[in-house]
Amino acid sequence: MRSRQHVEATFGAPPSWMAIIVRKVGSETAALSPETVELMYHLEALIDQLPMRYELCLQSSAGPAPGGRCVHRGVTNLWCNRTQYEAEVGSKPDPALALVNVVNSRTVGCLGMPVEKLRVFGSPTYDDGSTFRSARPGVSRMIGAVYASSWYSLDVAKARESVVGEHCGAFERLMRQEQSRLAGLGWEVEFAYQEAFDGEIARSVTGDIPLVIASFTFTLVTAVMTQMHLARPEMGAATQASLGLACVALSVFAGYGVVIFFGVPFTSLSLVGIFILLGVGVDDVLVLLEAFRLARITIPDGGTVEERARFATERAGVSITITSATNIIAFSLGSMTVIPAVNWFCAYMACAILFDFLLCVTLFMAVIVWYERRDQAKGLPAIAYKKSAAETVPLPGLETPDNSGSSIAKVVDGEIKAVEKAMRRRRAWTEVVRCEGIFRGQHMRAYGDFLMLTPVRVVVVCGFLAFGISSLLLMGRIEEGLPRTSLAPDDSFLVGFFSIFDTTYQAQEGLTLDLHVQGVDHSSPEIQARVMAAWGMHLQSGVIEPLHKPSGGWMVAQNTPLDSKYSSPSSWLTVVTQVAISANATAPCRALGVSPRMCAAAAVPYRLADDSLTDDFDPPLVIQSAFNATLNGALELVPSMSDKLIRRHTDGVLVASIVSTKAVPVAGQYKRQLHIYEECIRLDEAINAEVFTGAEVNAALTPYVRKGVSIPNLRVFTYNNFLVYWQQDAVLKEELVTNLTLAGLGVLIVCMIALAHPAALIAVSGVGIVDVFLFGSLIIGGIRFNVISVVNFVMAVGLAVDYTLHFCHAFLAQPGANRVTRVKYALNTMGDCILKGGGTTLVGTLPMAFSTSTIFRTFFVLLFSTILYGLAVGLVLLPVVLSVIPMPPAPHLKHDYRDWYVNPNRPPDGV
């Protein structure tokens, strides 16, 4: 939060606001018409009747209202009341012409504030055909506009939050009524208020809670259906699947509860995390259930409960442990980012996945064992084994003949019959496991045979390379930024307001950038010169609008109405200097002992405002002994200037100030926003290093306490509320690279430790391929690169690793004479689990597509893409790669099959 704390500690929280924008449908000029002004008066009269209006509004001492008049910025601010408007415009023979004359001639409103025409009128037209950028001050006359706006300030610091909320709620209800009524009269009315952001974003969270319930329901139904072996009821585990999903839901409550307990904010991204957790959790549930099912048809006569539990733990338990560890590591490292949204999201995910793993291997494992004991008593495992043995089709190529041609070379003659019997049993439990129930007919054996064809493998590699390279080459076409309209639901009133404001008003007038100088005695001529020098550095930047140069020089500029689209040549210091000149209380900069270099830098703002000044101009500075008295006189002359100054209560010393400039318009141009932010950073660094440094500055240091907050040191920085958000955007790419690197390294380390095999590199490379492919999804879907996309890229590391690791572990643990055979066997035993888990997760994400939130729909596209790409890499690319690349043996992951051959009375140790 760039410098926000310093600003609020010194100057307090800025006023809140409410705003309306009106437009006559079908007209390009009617916003600048008496009809529009009268409509604005009507709406403002209704707003003035809202409860607590005068207690909450920011007030000016001018005006007839008790305690002052509510501050607002709009066309009606040109007159103190409607009576004055009627006298100057409404009663004239040609009110439209009279209005145009007033708008073009009057630049200061009734409350003494400048009337910023380009803040009031959107898409204006001029009598000479110019645009708002080419219009010449004093020459081009505004004669029409598409939009007209009014802004109302609220002093939220003096009221309770509940009172402010009630007032803003009444404003929203009023505007909704007027919006509906005026639509029938041909008017388009849009409105917004600052407090609505949190409420509308929260509504996008609460409004999509039914989608979470629908997602859980879809996932539950799909998971249950995958375990409903209708043709083989002795293999069914539908009840266990439903209880497994209950464990996943419990892990969400437990994980999220812990994170919320430690004060991490719950955001809309946190709600999206529930969809991801359902996918991760159901994958673990189905892998465990499939392992127990495989145990029934593998161990002779179904084995005992303990044998099946050992069988499942050795196969599924290892995979689940590895994938959960990699997920936790990936999200934990992702939470180290400086981007708050990503940090919070990763914290929720890491904690919830930890609880999911713990509940899966404890509570859910206990549930499965309980049902296994029940089925054991009914004899169902033995029935499953016998039926499976009768239906088996041997998987060719698993035998490993020696040089003599026999299946088992070193077996004594007396054991030949036993070995042959064991081999028959071995063929039984190395069958292609048939998919029953809803997935019956999807044969992994046929898929494996097809995938291992050489032409198919070539096509797979070429296809993946083509898509990956295309995604990388076309990355430059991806748009960047997060429009404010994306933060609220589609039906939010904020969408209409900001779609106009961001594209129209922000194109006309730039942000006001405030240069803060805190912690020094401003009465010192050294500090005065350095404030002017810092201001001059801002004005010479390419992202700052030039100064308005009225005829008559810089002295005249202090009292001349200015065009608001330019930077103002007037600041608190020039006003004080002007008053001091009148009181004969100034002296040339060099005469006051300031260095020639600093005096030359301090002259820059004067020379930019007045072309008649030469390079050797020596700017006037206020004599230190007369500074406070002169400052008091300037504040009497321009009371509004006090908003930009902080004086120490004890002695009245000026210790903090603001000098403002105006940045070039951005109009939603993401690259220009980043350029302005980066330029502000560069200016701050240069000003602190070149201007506010040295013994002269140290001598003027003045620590102070403001509102209970100590400001102990010199602080010089540029601030605007938007810079807080642009700061996040500026580090997105850097943070994405850092997070993916850290997450990838963390996953690689875990995989290398767990697998202790080079295949871990292939598994992690598969995750990287998924992330590269996601750039392709951004291009295809027209999705912007922003903080939401970054969250998905980090999420993909934790999600995609499940599919790649499960297959790699299954491949390394399988027997086989060659790589192709091992790949087929891994597809037969683990491919079905991966497909069911991924398919169930895909179904569970479908409700997100119906969200009213752009954020949720973006998550749906990228999450759906992540799962598809993860399945494609895990079940298509990795099998091809592992079938081609020579792999060293992994005896530590394989199980001892030969002992099982020789001793047929011993239950098998492995598949």
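Author: The model shown is predicted. Rings of Phe, Tyr and Trp, the last by its six-membered ring, pair if their centres lie within 6.5 Å. By this rule the count comes to 32 aromatic pairs.

Reader: Why is the pair of W370 and Y371 called edge-to-face?

Author: The ring centres of W370 and Y371 are 5.0 Å apart and the planes stand at 80°. Edge-to-face requires an angle over 60 degrees, so the pair of W370 and Y371 is edge-to-face.

Reader: Are W370 and Y371 buried or exposed, and how do you know?

Author: W370 has a relative accessible area of 54%. The cut-off for exposed is over 50%, and W370 is therefore exposed. Y371 has 12% relative accessibility; buried means under 20%, so Y371 counts as buried.

Reader: What makes W572 and F627 an edge-to-face pair?

Author: Their ring centres are 6.5 Å apart, and their planes lie at 85°, so this pair, too, is edge-to-face.

Reader: Which parts of the chain does the pair of W572 and F627 tie together?

Author: W572 belongs to helix α21 (residues 572–582) and F627 to helix α24 (residues 627–637), so the pair ties together parts that are 55 residues apart in sequence. Both W572 and F627 are buried.

Reader: Which residues form one aromatic cluster?

Author: One aromatic cluster is formed by W17, W151, F197, F497, F498, F501 and Y505.

Reader: How do you know that the charged end of R822 sits over the ring of F811?

Author: The charged end of R822 is 4.4 Å from the centre of the F811 ring. The distance limit is 6 Å, and the charge must also be within 35 degrees of the ring normal. R822 is accordingly listed as sitting over F811.

Reader: How many residues has the largest nonpolar core, and which have the most contacts inside it?

Author: The largest nonpolar core has 126 residues, and F345, F364, F807 and F859 have the most contacts inside it. Helix α30 (residues 787–812) gives the most to this core, with 19 residues. Not counting residues up to four places away in sequence, F364 touches Q240, L243, G244, C247, V285, L288, L289 and L359. A second, separate core has 64 residues, among them V89, V100, M142 and V146.

Reader: Where does S153 lie, and with which residues is S153 in contact?

Author: S153 lies in strand β6 (residues 142–154). Leaving aside neighbours within four places in sequence, S153 is in contact with S16, C57, L58 and V71. The C-alpha atoms of S153 and R73 are separated by 8.5 Å, although these residues are 80 residues apart along the chain.

Conventions. Residues are numbered from 1 along each chain as its sequence is written. This is a predicted model: local features need pLDDT of at least 70, side-chain atom pairs count only at pLDDT 80 or more; totals for chains, interfaces and linings use all residues. Side-chain values use heavy atoms; hydrogens and water are left out. Rings of Phe, Tyr and Trp (its six-membered ring) pair if their centres lie within 6.5 Å; planes under 30 degrees apart count as stacked, over 60 as edge-to-face and the rest as tilted. Buried means under 20% relative accessible area, exposed over 50%, partly exposed in between (1.4 Å probe, protein chains only). Helices (H or I, at least four residues) and strands (E, at least two) are DSSP runs, numbered from the N terminus. Contact means heavy atoms within 4.5 Å. A nonpolar core is a set of buried Ala, Val, Leu, Ile, Met, Phe, Trp, Tyr and Cys residues joined through side-chain atoms within 4.5 Å.
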